[in-house]
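This briefing covers selected side-chain and strand features of one predicted model. The points are grouped by topic.

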Amino acid sequence: MPQVIEIDDPADARLDDFRDLTTADRRPDRPGGRGLVIAEGVIVVRRLLDSPYPLRGLLGIPRRIEELVPELGDFDGPAYAVSAEVMAEVVGFHLNRGVLAAADRAPQPDPVALMRDARMLAVLEGVGDHENLGALFRNAAALSVDGVLLGAGCSDPLYRRSVRVSMGHVLRIPFADLRPWPRGLDLLRDNGFTVVALTPRADAVDLRECKLAGEKVALLLGSEGPGLTDEAIEAADVAVKIPMADGVDSLNVATAGAVAFHALGVS
């Protein structure tokens, strides 16, 4: 069982894992700093507890801590119970969800190992918006995507905002870096995948007509503005598009991913 510790001093050094979450150069979840994983809210904390990321501790108002204690199993680390006011001063904003958990990072899988037992993978290039990245992971979890490969220019999926927007699913969908880019796409072909680039280009194949549903597919998704680079599209086996109404040329990357995940996942 955890050690439930009441703290009323926001300057207490024991709370440093949760401190300054709005300050870019001090926040504990930045990869160049302490590199912690921060889960926000009871639902996301529960998904963290069911993930490979080693729990370090919790910070929350007493009611939320009490709610989670029965689910902490053999964890014997600290659960810091504080007032909402102390919590806001520590993290830098008022947290409506009332609880945070901090964990250490887990090793990323080898990309080839991730491919081995997968049928559908998402492959991202230049997805830098943390909310879009989190939404992509949530959609991937909902639509049976087996893993995510990160190409050039992607943000860190374990940034707190990505974890929150994904509703914690970034903690259960395996991901790995795919390098070099885009030559690393050859690894997917070597492992039996058809590499499919999603693009609004007029000459792309209609997604409804690509006849890849149920096959081993690696779906390439590009950045929020310009989309996939020419190099990534040329490195794919086929370019496909989502048919749209006149006057609309594209969808948000997470929405486009969800449409394609569903279409390609139907066997």
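Lys216 is placed over the face of Phe193, 4.6 Å from the ring centre.

**Aromatic pair**
- The count of aromatic pairs comes to 1.
- Phe137 and Phe175 make up this pair, in an edge-to-face arrangement with 5.9 Å centre to centre and 85° between the planes.
- The pair links distant parts of the chain, since Phe137 belongs to helix H5 (residues 130-142) and Phe175 to strand E8 (residues 175-177), 38 residues apart.
- Phe137 counts as buried because its relative accessibility is 1%, under the 20% cut-off.
- Phe175 is likewise buried, at 4% relative accessibility.

**Strand E5 and its partners**
- Strand E5 (residues 99-103) is largely enclosed by the rest of the structure, because 5 of its 5 residues are buried.
- Val99, Ala101 and Ala103 point one way from E5, while Leu100 and Ala102 point the other way; all are buried.
- Strand E2 (residues 37-40) runs antiparallel to E5 and is joined to it by 4 bridges.
- Ile38 has Ala102 as its bridge partner in E5.
- Strand E3 (residues 55-60) is also antiparallel to E5, with 5 bridges joining the two.
- Leu55 has Ala103 as its bridge partner in E5.

**Ser162**
- Ser162 lies in helix H6 (residues 160-165).
- With a relative accessible area of 1%, Ser162 is buried.
- Leaving aside residues up to four places away in sequence, Ser162 touches His130, Leu133, Gly134, Asp156 and Pro157.

Note on methods. Residues numbered from 1 in each chain as written. Predicted model: local features only at pLDDT ≥ 70, side-chain atom pairs only at ≥ 80, totals over all residues. Heavy atoms only, no water. Buried < 20%, exposed > 50% of the residue type's maximum accessible area, 1.4 Å probe, protein only. Contact = heavy atoms within 4.5 Å. Pairing = 2+ DSSP bridges. Phe/Tyr/Trp six-rings, centres within 6.5 Å; stacked < 30°, edge-to-face > 60°. Lys NZ or Arg CZ within 6 Å of the ring centre and 35° of its normal.
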